[in-house]
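These notebook entries record what I looked up in one structure.

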Amino acid sequence: MTTWLARKRESGLLLAIPTIAWLLILFVLPLVIVLIVSFMSRGRGGVAIMPFTIEHYQRSFGIFSIILWRSIGLAALTTLVCLVIGYPLAFFISTRRNRLFQQVTLFLVILPFWTNFLIRTYAWRILLGDEGTINGFLMSVGQIDDPLRMLNTQFAVLVGLVYGFLPFMVLPIYASVERFNFRYVDAAQDLGANDLRTFLRVVLPLTLPGVLAGCALVFIPSVGAFVTPDLLGGAKGLMIGNLINNQFGGSGNMPLGSALSIVMMAVVMLSLVVYLLANRRERGA
């Protein structure tokens, strides 16, 4: 028996070697290179040269901290708005008795993914522009005299991020509500709980795993978003992803870009740790 288990472990390790090599070469090694470059000095043309320095981390948490906090704030606000919109939508879809209606509604939720993200973002430029669809409609009905400034603002970035990542909130919550036993609701109401108390004490805690997963899936890509802030925000919507891209282009600063990348990755890892701790606590409860 012991020999058989040892052979199984050896065969499992052999099967895992290609995957381990893939992760080491394409994930761990580039990350180590970026980490090393982040401690190097800036040379001519923005390339990394010796000696080592912590200047770029000081700048990351100094002059560029406002962009870091802006990115975190916009990502958190995007997550909150997606949760406020996505939870009722997911709950509505999952509680429909008509299976065909459920499938059609879910299809509509994921339908935008069938179109290139860049094209969808450009569509929002048309909608939010000074001469765009929204301003044109408001001016035609006499609600405004001059166009509203929506494009190249943080509001436009928020709208674009919510539109882009809303399905990532809806789908996990939908799966969680699908597994929910609504007999608990009847039991809570039989014990005298009103609708609000039933939701806060019964429905929300039992569907919290889907909420946590949705929040993680929205917050993490929102922090490092690049296309949406670049096309909809302009200079006023600059986020850390755009700043990193600028450092690696032209005569930028590769060590500074690497340091900003490590800082952004640290924020992502921290959010993952928070998600895992919250999920473990919820399962333990």
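I looked up the pairing of strand β1 (residues 40-42) and found that β1 pairs with β2 in the antiparallel sense over three bridges. Two strands count as paired if DSSP finds at least two bridges between them. Strands are DSSP runs of E with at least two residues, helices are runs of H or I with at least four residues, and both are numbered from the N terminus. The model is predicted: local features need pLDDT of at least 70, side-chain atom pairs count only at pLDDT 80 or more, and totals for chains, interfaces and linings use all residues. Residues are numbered from 1 along each chain as its sequence is written, and side-chain values use heavy atoms, with hydrogens and water left out.

I noted that Arg42 has Ala48 in β2 as its bridge partner. β1 and β2 form a hairpin with five residues between them, and Gly45 in the turn has a positive phi of about 80°.

Buried means under 20% relative accessible area, exposed over 50%, and partly exposed in between (1.4 Å probe, protein chains only).

I next examined Thr78, found in helix α3 (residues 65-94). Thr78 is buried because its relative accessible area is 0%. Leaving out residues up to four places away in sequence, Thr78 touches Leu158, Leu161, Val162, Val218 and Ser222; contact means heavy atoms within 4.5 Å.

Finally, I searched the whole structure for disulfides (cysteine sulfur atoms within 2.5 Å) and found zero. Cys82 is in no disulfide, and its nearest cysteine sulfur, that of Cys215, is 9.1 Å away. Cys82 counts as buried because its relative accessibility is 0%.
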